[in-house]
Amino acid sequence: MSGCREGLGAKCHLHASEHRPRPLALWSRHTGGSGQGSRAAVLPGRGPRLQGRGRAGCLGLTHEAHRKEVEQVYLRCAAGAVEWMYPTGALIVNLRPNTFLPSRRLTLCIKPLRDSSGANIYLEKTGELKLLVRDGDRGLGQVRCFDFDQGGLFVEATPQQDISRRTTGFQYELTSRRVGSDLHALSAPCRPCSDAEVLLAVCTSDFVVRGSIQDVTHEPEQQESAIHLHVSRLYRQKSRVFQPTPEGSGWRGRITTLLECGVRPGHGEFLFTGHMHFGEARLGCAPRFKDFQRMYRDAEETGLNPCEMGTE
C-alpha cells in the first residue's frame, strides 16, 4: 500500500506491486516546492510510463501489473495529477483516498492537461462506459465533475502510429462538499439556476459576491470565457480571488465559464456564486441581484431558506 497524510509537507510513499509480469515504469514528482527533482521507481523492461503527483507533495500512486492490456492504478491522495506517457492498452484508475470516510458523499472533478493526447477518458461503472474526454477534443481544459458513486475512470489509448510523442494526463480533485449547484454549473453551465439552486449556492459556494461585469474576454483554444468583475460587496471567499481596488471602492477579480454560454458585459448588479477548481474560480449561479432579493425574501417568509445572509 501507499501511505498518505494531507497537510503542509505531507508525503505519500510510492509502491509497485511485487507481482509484475508486465514491467512498467512509475514516476512520482514532489510538488511541495522544495526544489528537489523527480524521484522514480523504474521496473526493467518495456511498457508505458505513469507519473503521479499529489497536492502538497502527496505522492499516492500504487500500480498493479497484469498480463492483459488493462492496468490497474490506485490513487491515494484527494487531489493531484496523473500523466500516462506512451499510452497503449488501457488504465483503470481507482481512487482510494486515505482522508475520506466511506459514508460521506464525494464528488470527483477532473481537468485534462493542456497537451493531453493519445487516449479517451471514460466514466465506467459495472462495465458501462460514458465518454468524458475524447482524444483530440477542443477545450481539453474544461472541468468535468460527477458523483463519486457514479463510477470510476477508464482511460483507453487510441491507435497511434507513433506513441513516443503522446502523453495523456489530467488533474483530479475529490471533495466531500454538498455539490448540487456546483454540479449544475459544470454539467449544464448555461442553464439558469432555479430559485432552490440559487439559495443552496449561497450557502455552499466557495465565493459569494455582489457585483457587476466590467469586461469579458474569450479563450477559444480553451473553450472558456473569463468574466472580469467589479465587486461592491464580498459575502464570502475561500481563496483570494477578489482583491481590493487601489482606489478603495470595492474589489475586483475574474471568474471563468464555458465559451458556449455566450457571456457578455451588461448593466446592473448580479449575485455571483461558484467554486474553486484547480486554482480557478468557476462560475456557478449568477442571478440579477434584485431577483436574488426576491428569492431570499420569499424563502425567508416560508421558512425555507437554507441559511441566512444579508441581502442589502
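**Notebook: confidence, cores and a helix pair**

I looked up the confidence of this predicted model first. The protein chain has an average pLDDT (the predictor's confidence in each residue, from 0 to 100) of 75, and 71% of the residues score at least 70. Over residues 1-48 the pLDDT is below 50, yet this stretch has 119 contacts (heavy atoms within 4.5 Å) beyond near neighbours in sequence.

I noted the ground rules. Residues are numbered from 1 along each chain as its sequence is written. Local features need pLDDT of at least 70, side-chain atom pairs count only at pLDDT 80 or more, totals for chains, interfaces and linings use all residues, and side-chain values use heavy atoms, with hydrogens and water left out.

Next I looked up the largest nonpolar core, which has 23 residues. A nonpolar core is a set of buried Ala, Val, Leu, Ile, Met, Phe, Trp, Tyr and Cys residues joined through side-chain atoms within 4.5 Å; buried means under 20% relative accessible area (1.4 Å probe, protein chains only). Among the members that touch the most others are Val93, Phe170 and Tyr172. I listed the contacts of Tyr172 beyond four places in sequence, including Leu75, Leu108, Ile110 and Phe278. Another core, of 16 residues, lies apart and includes Leu229 and Met276.

Last I looked up two helices (DSSP runs of H or I, at least four residues, numbered from the N terminus). Helix 2 (residues 195-204) and helix 3 (residues 289-302) pack at about 90 degrees, with axes (lines fitted to C-alpha atoms over the stretch in contact) 10 Å apart. They are therefore roughly perpendicular, a label for angles of 65 to 115 degrees. In helix 2, Asp195, Val198, Leu199 and Val202 meet residues of helix 3, including Phe292 and Arg294.

How values were computed: Buried < 20%, exposed > 50% of the residue type's maximum accessible area, 1.4 Å probe, protein only. Axes fitted to C-alpha atoms, helices over the stretch in contact; angles between N-to-C directions. Parallel < 35°, antiparallel > 145°, perpendicular 65-115°, else oblique.
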